[in-house]
Amino acid sequence: MQKPSPDPTAEEDSHSAARRIERLSLHLTPLAISPDDHRQIERLECAKAAAAKLNVDTKSLSSYMRGKHREIQDKVMDYFNKRPDLQTPVEILKDDHSELCMRQLTGLVREAGIRPFRYVVEDPAKYFAILEAVGSVDMSLGIKMGVQYSLWGGSVINLGTKKHKEKYFDDIDNLEYPGCFAMTELHHGSNVQGLQTMATFDPITDEFIIDTPNDGAIKWWIGNAAVHGKFATVFAKLMLPTHDKRGVSDMGVHSFIVPIRDLKTHQTLPGIEINDCGHKVGLNGVDNGALRFRSVRIPRDNLLNRFGDVSRDGKYTSSLPSINKRFAATLGELVGGRVGLAYSSGSVLKIAGTIAIRYSLLRQQFGPPKQPEVSILDYQSQQQKLMPILASTYAFHFATLHLVEKYSEMKKTHDEQLVADVHSLSAGLKAYVTSYTAKSLSICREACGGHGYAAVNRFGSLRNDHDIFQTFEGDNTVLLQQVAGDLLKQYKEKFQGGTLSVTWNYLRESMNSYLSQPNPVTARWESEDHLRDPKFQLDAFRYRTSRLLQSVAVRLSKHSKPLGSFGAWNRCLNHLLTLAESHIESVILAKFIEAVQNCPDASSGAALKLVCDLYALDRIWKDIGTYRNVDYVAPNKAKAINKLTAYLSFRVRNIAGELVDAFDIPDHVTRAPIAMQSDAYSQYTQHVGFNPLVGKHNTQEIIAASLLHGAILASYKYVSSCSSADKRGLVAFEFQQ
């Protein structure tokens, strides 16, 4: 009987299975390696690590980072360090926190002599530097200061005229006039033009009558209102009487100074009802309240009349021709709040990153057999959690610093093009930075394991206090839509031959590049020099933005006919949000590259270049699908980007301690025991109630002490059971020994 011929396919499958089993067995039972081989591997690893580690001059890097306002920030932090009674405890009741916050702000202004309000217009960069330091002490204090000076004070000096500044400036500055910014209503937040509170002019008495027409118009979440505020800038529809059938004419939303409490007794004034909004997820040091007005009369002069005024006989005048233009001008003067939030959010990320990275360097878990345990930051998984966050923190620092500089220039020049640029840039950076920080706070907490869950180690309060940054001063989703709208406007300008504003200049070149197909040669380049070339990185970011812009413009045009403009926008909304984020990432990277190139110290510049490369390549890898879909990056190049990102994370890990030290945040500001620069575990154990051990003991000493203690205890028990004569004999024997 003839044997069947062997099936070559089956035989090949059998060999393949055998090879897989062999590989798996090597994972379970590694090949024996001689001690000499071990030493050779260790030497190679050490040589590689030494070659990879940069020498970082922390002082020079810190000086470059913190700039010219370092002194005023140190003054703020030193003041609170010397006043333990003004430091916020881990556990504090809402009402106690609110009172402490007011005492902190009063102490800062009246005792430390720091007057932030003076810099709101004169030197905004200095104001934001103070805000960063104050927010580092207590985020509630930073927000309360922002409400007092940027919102309440800022509305008076930016929306009012000379008479308002002369009357209110000094008392806002010295806290005699604590105030509120009453814009948001129960039914309307982002849609400010939909506000329902009314301010009706009475020509007989020369007054405005402020009314809350329904419960949906109750002013809600108003900082400083529940307890401390004496005044409020109230945003309301200005209603003027007419002599036609309508009876009144709606002139659009304006702002009015409304006294809400008696200056002497602090009692709520007639016609005004104030209630506390209650316990919040975070920021409970800020007394958020709800305000309802019932025919509250204020003088005509209390209209903040920079963009529109009402005469004694009820005639309305304005230099701006329409409600929409007046509204845009009003909101344009209030972008300082967004600038402050973007800048402060980056500061929160610095603190969280410092705590997580210092702990990760300190904490040791597992290691090679019969070898010491290793730092958890030596694990690739921990590096790829925290190192991109550290890189982003640096990127955000330079981007928001650029925003502050542009805002300061805008306040000096009032250039229309600059105003438009700052408005869009502040919206985009506020949305992007605060969203990224919110996600990163949870990652930092998780990276610190169980100890990250302890309230004293700050992640809970940082996360809860910062969370609202994503939705106040403009909901992030709404702000990103503003950025997308501006990009589409610029896109239209480009094809009509108009000029592009500064932030969008790159679109002219990138859009032309987009119209041509990606270069199949460069799409395959994978050398480290190429991938770390700033031109490649920035071109990739800008190519993606240009592609998204062109494609969403086509989609909007397609859907506008059947759905209308609103329906088309909604159909493409996620696409528009991605476009806005891509544009902001391009701006952030451009500013980071610029900061690297401008760094005067060589060692600091090398460290920043390494961090910048990680930021860029990590972002490209996270959206690699977009680049692969259009063949901008070939498969081999995508793989190279992933490998290089992991390697850069390892290299940044080697200088992570120096990089967080360059933030120059003192221990009394981080206030997390696990992040202390010396005796972290000792301070942590003392916090929960343990007394510190006297001196330092190694394991052998502790074991010997334990054995001695056990022997003494056993001897004591034996002696206790002996007769008096035996006890005397034992004592004599021990004495002789």
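Predicted model: local features only at pLDDT ≥ 70, side-chain atom pairs only at ≥ 80, totals over all residues.

Reply: Side chains of opposite charge can pair when their charged atoms come close. Here, Lys94 and Asp276 form a salt bridge, with their closest N and O atoms 2.9 Å apart. Lys94 belongs to helix H5 and Asp276 to strand E7 (residues 272-276), so this pair ties together parts that are 182 residues apart in sequence. Asp276 is partly exposed, at a relative accessible area of 37%.

Me: Which parts of the chain does the pair of Lys163 and Asp301 link?

Reply: The side chains of Lys163 and Asp301 meet in a salt bridge at 3.0 Å, N to O. Lys163 is in helix H9, whereas Asp301 is in the loop between strand E9 (296-299) and strand E10 (309-310), 138 residues apart. Lys163 is partly exposed at 35% relative accessibility, and Asp301 is partly exposed at 42%.

Me: How many salt bridges does a search of the whole structure find?

Reply: The search finds 38. Some residues are linked in a network of salt bridges, namely Arg544, Glu585, Asp618, Arg619, Lys622 and Asp623.

Me: How do helix H8 and helix H9 pack, and at what angle?

Reply: An angle between helix axes describes their relative direction. Helix H8 (residues 139-159) and helix H9 (residues 162-173) pack at about 165°, with axes 9 Å apart. Angles over 145 degrees count as roughly antiparallel, which makes H8 roughly antiparallel to H9. Their crossing is left-handed.

Me: Which residues meet there?

Reply: Among them, Trp152 and Val156 are on the H8 side, and Tyr168 and Phe169 on the H9 side. The residues of this contact divide into 7 nonpolar, 3 polar and 2 charged.

Terms used:
Residues numbered from 1 in each chain as written. Heavy atoms only, no water. Axes fitted to C-alpha atoms, helices over the stretch in contact; angles between N-to-C directions. Helix = DSSP H or I, 4+ residues; strand = E, 2+ residues; numbered from the N terminus. Parallel < 35°, antiparallel > 145°, perpendicular 65-115°, else oblique. Left-handed = near helix turned anticlockwise from the far one by under 90°. Contact = heavy atoms within 4.5 Å. Nonpolar A, V, L, I, M, F, W, Y, C, P; charged D, E, K, R; others polar. Salt bridge = Lys/Arg side-chain N within 4 Å of Asp/Glu carboxyl O. Buried < 20%, exposed > 50% of the residue type's maximum accessible area, 1.4 Å probe, protein only.
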